[in-house]
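Please examine the sequence and the three-dimensional model shown below.

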Amino acid sequence: MSDKSVRSEPAAVKWTVVVVATLFIGLFIVLPLINVFAQAFVKGWEAYANALVEPDALAAIELTLIVTAIAVAANTVMGLVMAWAITKFSFPGKSFLITLLDLPFSVSPVVAGLVFVLMFGAQGYFGPWLIDNGWKIIFAWPGIALATIFVTFPFVARELIPLMQEQGTTEEEAAVTLGASGWRVFSRVTLPNVKWALLYGVLLCNARAMGEFGAVSVVSGHVRGETNTIPLQVEILYNEYQFQASFAVASLLALLAVVTLFAKTVLESRVHARKGGH
């Protein structure tokens, strides 16, 4: 059967599918996003700005940026290491390592947060020793950073592994044959070949880190002005019936979604252009 016959559908079927898909996207994605901004500005620009410069909101924004920077940096490095190990070497337990890589996708973020509490909380395995030595993990920014790193860990590696598997090891082997060191092979051969996939993974990791709620909610303790990230601050404001303020803070995450979508489109076009060039 030819591709043309496979794609030949009655006009009614084609337009029904298109309309249903468009309505679904409009009702469940576009409309809620527009409503966030509409509610954020319902009392005007001044109220919007005041909601964002309120001390607790500024503290939440600052903490979110710090934790996101830590999580993205850690997962970028470890994502490269994991992808390199899985695609360039053969070793016992490789399949198990790949399975573990997907663990944060299959475990509820709330469960992940509880695991960190069990490990580092006051009644946890390492909690008493940490407290005795002046280290506070749970209900402080280190615990939030650890939880965020856990839930965002697969994003960079999962973008790199398929591409690096497709590329194989031919170019690296040729570089080694010519006398290049391991670092030179990585920086001059491997990294340039995966830079767009790496940026795409970093982009997704950043978006998830800033918007993470479940795991962070468990380990944060909800200390206002200290351990609340942007999503937690939105929840608190909404529960206190400060609806305009909650939507104003939430608009930052909505704006991030829009920027992420734009950057994703640009990066995908780069990847397709690169493939087309080959």
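Leaving aside neighbours within four places in sequence, T190 is in contact with W84, M164, E172 and V185, where contact means heavy atoms within 4.5 Å. T190 itself is found in helix α12, residues 182-211. Helices here are DSSP runs (H or I, at least four residues), as strands are (E, at least two), and both are numbered from the N terminus. With a relative accessible area of 2%, T190 is buried. Buried means under 20% relative accessible area, exposed means over 50%, and partly exposed lies in between, with a 1.4 Å probe and protein chains only.

The model is a predicted one, in which local features need pLDDT of at least 70 and side-chain atom pairs count only at pLDDT 80 or more, whereas totals for chains, interfaces and linings use all residues. Residues are numbered from 1 along each chain as its sequence is written, and side-chain values use heavy atoms, with hydrogens and water left out.

Helix packing is the next topic. Two packed helices are described by the angle between their axes and the distance between the axes. Axes are lines fitted to C-alpha atoms, for helices over the stretch in contact, and the angles run from 0 to 180 degrees between N-to-C directions. The axes of α4 and helix α10 (residues 154-167) come within 8 Å and cross at roughly 30 degrees. That makes α4 roughly parallel to α10; angles under 35 degrees count as roughly parallel, over 145 as roughly antiparallel, 65 to 115 as roughly perpendicular and the rest as oblique. α4 passes α10 in a right-handed crossing, a term used if the near helix is turned clockwise from the far one by less than a right angle, with anticlockwise giving a left-handed crossing. On the α4 side the contact is made by N75, T76, G79, L80, M82, A83, W84, I86, T87 and K88, and on the α10 side by V156, A157, L160, I161, M164 and Q165. The residues of this contact of α4 with α10 divide into ten nonpolar, five polar and one charged. In this division Ala, Val, Leu, Ile, Met, Phe, Trp, Tyr, Cys and Pro count as nonpolar, Asp, Glu, Lys and Arg as charged, and the others, Gly among them, as polar.

A83, found in helix α4, counts as buried at 0% relative accessibility. Not counting residues up to four places away in sequence, A83 touches K88, A157, L160, I161 and M164. A83 and A40 are 43 residues apart in sequence and 41 Å apart in space, C-alpha to C-alpha.

Helix α4 (residues 55-88) also packs against helix α9 (residues 141-152): their axes come within 9 Å and cross at roughly 45 degrees. α4 and α9 are therefore oblique to each other, and α4 passes α9 in a right-handed crossing. Here L63, V67, I70, A71, A74 and N75 in α4 meet W141, I144, A145, T148, I149 and T152 in α9. By class, this contact of α4 with α9 has nine nonpolar, three polar and no charged residues.

T64 also lies in helix α4 and counts as buried at 2% relative accessibility. Its contacts, not counting residues up to four places away in sequence, are M210, T229 and I230. T64 and A209 are 145 residues apart in sequence and 8.3 Å apart in space, C-alpha to C-alpha.

In helix α3 (residues 45-53), the buried residues are Y48, A51 and L52. Seen down the axis of α3, these buried residues fall within an arc of 95 degrees, so they line one face of the helix; the arc is that of the directions from the helix axis to the C-beta atoms. The face of α3 turned away from this buried side carries the exposed residues E46 and V53.

Most residues other than glycine have a negative phi. F139, in the loop between α8 (127-132) and α9, has a positive phi of about 65 degrees although it is not a glycine. F139 is partly exposed, with a relative accessible area of 43%. Y241, in the loop between α14 (230-239) and α15 (243-277), has a positive phi of about 65 degrees and is not a glycine either. Y241 is exposed, with a relative accessible area of 66%.

For the chain as a whole, there are 15 helices and zero strands. Buried residues make up 36% of its 278 residues. Along its principal axes the C-alpha trace spans about 65 × 60 × 30 Å. Among contacts between residues at least 6 apart in sequence, 72% join residues at least 24 apart.
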